[in-house]
Amino acid sequence: MVDFGLTEEQKAMQKMVHEFAEKEIRPRAEEYDQSEDFPWDVVKKAAKLGLTHFWFPEEYGGIGETDAITHFIVAEELCWGCAGIGTSILSTGLAASAIMVMGTDEQKKKYIGRFCDPDNPRLGAMCLTEPEAGSDVSNISTTAKLDGDEYVLNGTKCFITNGGIADVHVVFATTDRSLGWAGLAAFIIDKDTPGLSMGKKEKKMGVRASHTAEVVMADCRIPKANRLGGEPGEPGSTSGAFGAISMLEHSRPGVGASALGIARAAYEYALEYSKNRVQFRKPIHLHQGIGFKLADMATKIDAARLLIWRAGWMVNNRIPFQRGEGSMSKLYAGDVAMEVTVDALQVLGGYGYMRDYPVERWVRDAKIYQIWEGTAEVQRMVISRAIAAHGK
Ligand SMILES: Cc1cc2nc3c(=O)[nH]c(=O)nc-3n(C[C@H](O)[C@H](O)[C@H](O)COP(=O)(O)OP(=O)(O)OC[C@H]3O[C@@H](n4cnc5c(N)ncnc54)[C@H](O)[C@@H]3O)c2cc1C
C-alpha cells in the first residue's frame, strides 16, 4: 500500500516543530550567520522539547520515537527555520548513530544517555574526514595502536561538525594501514581526554551557526573498552568500515530533509515576493517567465520530499536500500536545494542579492548539502554501483 498521508502524531510533531522554528530559530538566523557562534541558547530550548534526542531508544534515555518519517519532518522544519541552527540541534545524531550501529549495550547505556538530558544538552562529533581522506575514506591515516589496556590515537581530522566542543568524539582510525578499509575501527574519546584538542575553527560560506573545526589527537590514550564494536574476532564485533557505511547510509535521507527545509523556505519567500512585486503593471508571478520558475521550484520540492519519505517508509519497514534509495534522496534534495535557492534569488532580482534579504543566505546554506556526508558525485557512485549490482 502507498500512503502519502501523515498520521495524527506526525502532524502534531510537524506543527510543534514548525512553530518552534518560526518563533525561536528564524528570528535568530541572521544574527548567528553574522556572529558564527554556536547557538547554545536555541539548542537548549530545543533540548527541553526533546528535539535533540527524541529518536534515541527509551532504554538508553531517549524518547523512543523511532519512526524515520517523523525524523525527516523534524529535520525539514528545523532547517526551514535555519539550516545552521538546525544542524546544531541535530548533528549529535551522527556520533550517536555510530554508537547505536556499532556500540555494545554497555557503550550505548554509557554514552547515548549523555545526549538525552533535556536540561543539559551535550554534543557528539563524528570524526571521519582527514586532509588526505575526504571522499576516499580508506585513506585514513589517523592511527590507533594498542598498548596494554589502552589505545593510543594520533592524527588530525578536518571539517568536523562540533569538533573540539563535543562531549563525545567518535573517531575513525586505522589499526593497520596496509589493510585499507578492513583496518578501520571507530573509537570513543571523552571530552577532556589528554591529547585531544581542537585545531583550526573554520570560517564558512554557509551554515555558520554550526561549529566546524579540526580535531587533533596527539598520543591520546583511551581505554581499550572505548573501541566501538568490540575487538576484532570477538562475537558480535562490527568492523569500523561496515559501521561507517551503515551509519552514513541511514543518515542520508535526513540530510536530504534538511536541504529540503532550505529549499522550501526560499520557495515560499519567493512566491510571496512575486505576488507583491509589480513590474510592467502586474505582479511578477503573472509574467510567465517567473510563474513557470515558481512552478518548477514547487515541483522539485515535492519530488525531493517524495524520495525522502520513500526512504523513510523503507527504513520503517526494514527494507534495505538495494538501489541506493537513501543516496538518491540526499543527492536529489541537495541538488534541488541549490537550484531552488538560486531561482528564488532570481525571483527577487537585485533585492535577492542584498544581505538585507534572507535569500542569499539560503543560497550559501544550500551548497553544503552537495558536499557533506558524501558529495553529490559520491552519491552517484553509490547509486550507480547499487543499480548495477541489483540488475535494474
Ligand atoms: C561544513 C562541513 C562540515 C563537515 N562535517 C563533517 C563531520 O562532522 N565529520 C566528518 O567526518 N566530515 C565532515 N565534513 C567533511 C565532508 O564530509 C567532506 O568534505 C566530503 O566528504 C568531501 O571530502 P573532501 O572535502 O576532502 O573532497 P574530495 O574528496 O577531495 O573531493 C573533491 C571533489 O572531487 C570529487 N571526487 C572525489 N572522488 C571522486 C570520484 N571517485 N569520482 C568522482 N568525483 C570524485 C568530489 O565529489 C568533490 O567534488 C564536513 C565538511 C564540511 C564542509
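# Cavities, pocket and ligand shell

**Second largest cavity.** The second largest cavity has a volume of about 30 Å³. The model is predicted, and local features are reported at pLDDT of at least 70 and side-chain atom pairs at pLDDT 80 or more, whereas totals for chains, interfaces and linings use all residues. Residues are numbered from 1 along each chain as its sequence is written, and side-chain values use heavy atoms, with hydrogens and water left out. A cavity is a set of points, on a 1 Å grid over the protein atoms alone, where a 1.4 Å probe fits but cannot get out, and its lining residues have an atom within 4 Å of a point. Grid points are joined across faces, edges and corners, and a volume is the space filled by probe spheres set on those points. Ala29, Tyr32, Asp33, Cys82, Gly84, Val207, Arg208, Ala209, Arg361 and Asp365 form the lining. The lining divides into five nonpolar, one polar and four charged residues. In this classification Ala, Val, Leu, Ile, Met, Phe, Trp, Tyr, Cys and Pro are nonpolar, Asp, Glu, Lys and Arg are charged, and the others, Gly among them, are polar. Because domain 1 (8–116) and domain 2 (124–226) both give residues to the lining, this cavity lies between them; the domain bounds come from an automatic or database assignment.

**Largest cavity.** A search of the whole structure finds two cavities of 30 Å³ or more, and the largest has a volume of about 50 Å³. Val43, Thr52, Ser88, Ile89, Thr92, Phe115, Pro121, Arg122 and Leu123 line the largest cavity. By class, five of these lining residues are nonpolar, three are polar and one is charged.

Around the ligand are 18 residues, of which Met126, Thr129, Ser135, Thr375 and Glu377 come nearest; a residue counts as near if one of its heavy atoms lies within 4 Å. A ligand nitrogen atom is 2.7 Å from a polar backbone atom of Met126. A nitrogen atom of the ligand is also 2.9 Å from a side-chain N or O atom of Thr161, and a ligand oxygen atom is 2.7 Å from a side-chain N or O atom of Glu377. Taken alone, the ligand exposes 970 Å², and the protein buries 64% of that (Shrake-Rupley areas, 1.4 Å probe). Strand E1 (124–127), strand E3 (150–161) and helix H11 (376–390) are the elements that give two or more residues to the shell, and E3 gives the most, with three. The shell has nine nonpolar, six polar and three charged residues. Domain 2 (124–226) and domain 3 (240–390) each contribute at least three residues to the shell.

**Second largest pocket.** About 430 Å³ of space lies in the second largest pocket, a pocket being an open set of grid points with protein on both sides within 12 Å along at least five of seven lines. Its lining has 18 residues, of which Asp3, Ile69, Trp309, Arg310 and Trp313 lie nearest the centre of the pocket. Helix H8 (residues 288–316) gives the most to this lining, with seven residues. The classes are ten nonpolar, five polar and three charged. Domain 1 (8–116) and domain 3 (240–390) both give residues to the lining, so the pocket lies between them.

Definitions and conventions. Polar contact = N/O pair within 3.5 Å; in protein donor to acceptor, adjacent residues only side chain to side chain. Helix = DSSP H or I, 4+ residues; strand = E, 2+ residues; numbered from the N terminus.
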